[in-house]
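Welcome, and thanks for taking a look at this one with us. Here is a short tour of some charged side chains and their partners.

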Amino acid sequence: MATAISLCLLLAIILPTCFAQRFQWELQGQNPWQLGARQQGGWRHRQQQFREECDIWSLTAAEPFRRIESEAGVSEYWDPTQQQFRCAGVVVLRHVIEPKGLLLPTYANAPHVTYVVQGRGLFGATIPGCAQTFQSETRFEKGSERRFRDEHQRIRRFREGDVLAFPAGVTKWVYNDGDSRAIAITVFDTSNFQNQLDENLKLFLLAGSRQMQEIRGERREGARHLEEGRNIFSGFDHELLAEALGVNVETVNRLQGQNDQRGNIVFVERSLQFLSPEFQEEEIRREELEREARHRGRDNGLEETFCSLKLRHNINAPSETDIFNPRGGRITALNSNKLPILNFLQLSAYRVVLYEHATVGPFWTVNAHSICYVTRGRGRIQIVRDNGRLVLDQEVQEGQLFVVPQNFVVIKKASREGLEYVAFKTSDNAVVSHLAGSTSALRSLPVEVLANSYLISRETALHLKQSRRSVAVFGPHSVSRREEERERAAIISDNK
């Protein structure tokens, strides 16, 4: 009797607390899955041991160091042992997929974001625990009239300018249904809390094969090696695997790909059969229904918060522009406010378009490293570290990549042909502090502080504060002869 009374009292205490916590999450528009990102080591794991890799004295614009060819495409890796990538805790990979090329199902030990540089197609993300709610009808064999209905998880479209977001351990595949190559750049955040292995990127293939078994993140003997690597089925015993999957040994041999030399990007002989003229309209209709549901406040369950999460967002569309200067260019920011899954990944992406001779900066990112990939044009990049030393002064061009470590100050100036790049940041809401423009740190300081800091007159200090009235992006700066004479006179007066 006493035990029963004690149990009742315990439940009376616990249950209201649990319901209250759940009610609080619903009021705040959050759930335990979203909060998990905030509770893992103070937003980010990042293995913060103040690594020596971030004591950087020299940076460089880099190109891929390894090229791995498959039947229907190419995978290119940047050298992860470079100090700038070790400091940022990332590994970078570029896929080039030919028309009718299929990037076979793969999952990784680290969350990652992908920017579609060129092309269009379809992709799938298999989220553990979610139902197969998508159906398609297909034939058993080519020319056969026998059909069957297949059930699978959602299939999504992608196009140029899309950012695709994937958590660690989620299986993805990509198919190029366009008429030209699909090119995508992917940044894996191996220092993220979702990766509980080491800081080496590990790609687990469900099908196909690859040369590079793993990409090592540390420079030590034997750390980086190239060898034949096959899919995860290939390591199991034939009979044991056949029994586990409920298939015959011949099927297991196919799964293990013993004689499959196509790589991890393969040609599809005929278009994937789930495609139909209604597919795109259905995809758009589903997204509209999801937006309406969110607007009505119906995000209150697993199906509406996890399984139906939006995984892509286009940052090329002019309507997405956050900062625009008709003489300088535009900036589009993609953070967790626009794409909520980025809150869990703790990553974000920015697209910058600079017109002829336009400039962005100087500025620094307060809470993130920036991994910048040039998509078009050329430009000059200068980066300065804490002691005022210039660690990068280089002209960059399309296809190159460079890293701007946290709090390092950078200036980017476009050439005559302009400069376009996408910047991946290791925070879902990166904070930028500018040194020029209407929101700059200099503009926020009192004139007296500026005048005494730099030994200049109040007039010069005021001009320094107000010379750039735009935000972040600036067109070519032309100074009239009268302004030059006034500035020269002010400097002479300062020196007297």
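The side chains of Arg458 and Glu448 come together in a salt bridge, with N and O 2.6 Å apart; a salt bridge here is a side-chain nitrogen of Lys or Arg within 4 Å of a carboxyl oxygen of Asp or Glu. Please keep in mind that this is a predicted model, in which local features need pLDDT of at least 70 and side-chain atom pairs count only at pLDDT 80 or more, while totals for chains, interfaces and linings use all residues. Residues are numbered from 1 along each chain as its sequence is written, and side-chain values use heavy atoms, with hydrogens and water left out.

**The Arg458–Glu448 pair**
- Arg458 lies in helix 11 (residues 458–466) and Glu448 in helix 10 (residues 447–454), so their contact ties together parts that are ten residues apart in sequence. Helices (H or I, at least four residues) and strands (E, at least two) are DSSP runs, numbered from the N terminus.
- Arg458 is exposed, at 53% relative accessible area, whereas Glu448 is partly exposed, at 39%. Buried means under 20% relative accessible area, exposed over 50%, and partly exposed in between (1.4 Å probe, protein chains only).

**A salt-bridge network**
- Arg67, Glu69, Glu76 and Arg94 are joined in a network of salt bridges.
- Within this group, Arg67 meets Glu76 through their side chains at 3.2 Å, N to O.
- Arg67 is partly exposed, at 49% relative accessibility, while Glu76 is buried, at 11%.
- The model's salt bridges come to 19 by this rule.

**Asp177 and its arginine partners**
- You will find Asp177 in the loop between strand 11 (171–175) and strand 12 (182–189).
- Asp177 is buried, with a relative accessible area of 16%.
- Its side chain makes a polar contact of 3.2 Å with the side chain of Arg120 and another of 3.0 Å with that of Arg157. A polar contact is a pair of N or O atoms within 3.5 Å; within protein, one must be able to donate a hydrogen and the other to accept it, and residues adjacent in sequence count only if both atoms are side-chain atoms.
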